[in-house]
Amino acid sequence: MLRSQFSLSLLSAFGLFSLACGAHRGPFEVSKEDVDVEGYVCGGDQGAVVYYPSNSDNPSPLISFAHGYKAGGDKVDPSYKTLLEGVASWGYVIIALKSAPSDFCWQETDDQIRSMEWIKTSKFADIIDYGKKTGLLGHSMGGAATHLSANNADVVTAYNIGAAVALHPVYVAGSSKVPILYGTGSNDTVVPPSSVKPQYDATQGVAKVYANIEGATHFEPNTVPPNRWTDYTKAFFDCHLSDSEEGCDVIFGSGENSLCSGEVAMTECIFDGAPSSQDN
Ligand SMILES: *[C@@H]1O[C@H](CO)[C@@H](O)[C@H](O)[C@H]1NC(C)=O
């Protein structure tokens, strides 16, 4: 009795601790599988890694992920598993392309779309909720790919894309056609905030967010703690793909766990065009 009470309080203490540090993991266990896609236009590895909730009774929305420069091929999983497993554990199927293992490929946008095309006719189609819109996610070079995919009206329609998260994205001109979150960090010297902000400024007619985490480097999305984008990425997709009020509150609200007014210090955090329930 005493012993179980003790472990219970230990458990709740741990729960509080992990909450305070940002609950990076959701309710589902995550499996991952290497798959052979083929047809990627960027060279090298023609495979992808699929991350998916393995103990969910319901199908999950789809996200197509694009990696950064030199982080393709076998480096995709070790570089991004904290972010991708973290988001998948909340109920998302994520396909992460492996092409362009070590070169800069401006056509990574085509491969991000190719992933979506491929998965539709794969065995994973059964666990994807195609009643919901799909998401785009990318880092650095893959942030540019994400932005380019989101700018492409034909692609947005064909793949029913509903939201994009571009983390530390290499500069691309033009406006996303879907709600977009631009993430950067004040200590990012690879793709400085000064080249990300103009992308936010150029975005017209959709919900848009620009968040600059104080002290974050270019590698905040990579598998080195503290991985502060994981929870906000999940919330942004929850808000726009699943109409989750809770998700929208995290992104556009002013609560303790919110992006712009929460515990993660921001050098700058602004948004425009929040869903109507968040208008004040
Ligand atoms: C950010 O950069 C400043 C100035 O170079 C440095 O003093 C600070 O330690 C850096 N912070 C982090 C978290 O790397």
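The pLDDT is the predictor's confidence in each residue, from 0 to 100. This is a predicted model, in which local features need pLDDT of at least 70, side-chain atom pairs count only at pLDDT 80 or more, and totals for chains, interfaces and linings use all residues. Residues are numbered from 1 along each chain as its sequence is written, and side-chain values use heavy atoms, with hydrogens and water left out. For the protein chain the mean pLDDT is 91, with 90% of residues at 70 or more. Residues 1-22 have pLDDT below 50, and this stretch has 5 contacts (heavy atoms within 4.5 Å) beyond near neighbours in sequence. Where pLDDT is low, the predicted coordinates should not be read in detail.

**Overall fold**
- The protein chain contains 8 helices and 9 strands, taken as DSSP runs (helices: H or I, at least four residues; strands: E, at least two) numbered from the N terminus.
- Of its 280 residues, 54% are buried, that is, under 20% relative accessible area with a 1.4 Å probe, protein chains only; exposed means over 50%, and partly exposed lies in between.
- Among contacts between residues at least 6 apart in sequence, 72% join residues at least 24 apart.

**Loop between E8 and H7**
- Pro225 and Pro226 are joined by a cis peptide bond with omega of about 10°.
- Pro226 lies in the loop between strand E8 (208-213) and helix H7 (229-241).
- Asn227 is placed in the loop between E8 and H7; its phi is positive, near 50°, and at 6% relative accessibility Asn227 is buried.

**Loop between E1 and E2**
- Glu38, in the loop between strand E1 (30-36) and strand E2 (47-53), has a positive phi near 65°.
- Glu38 is partly exposed, at 39% relative accessible area.
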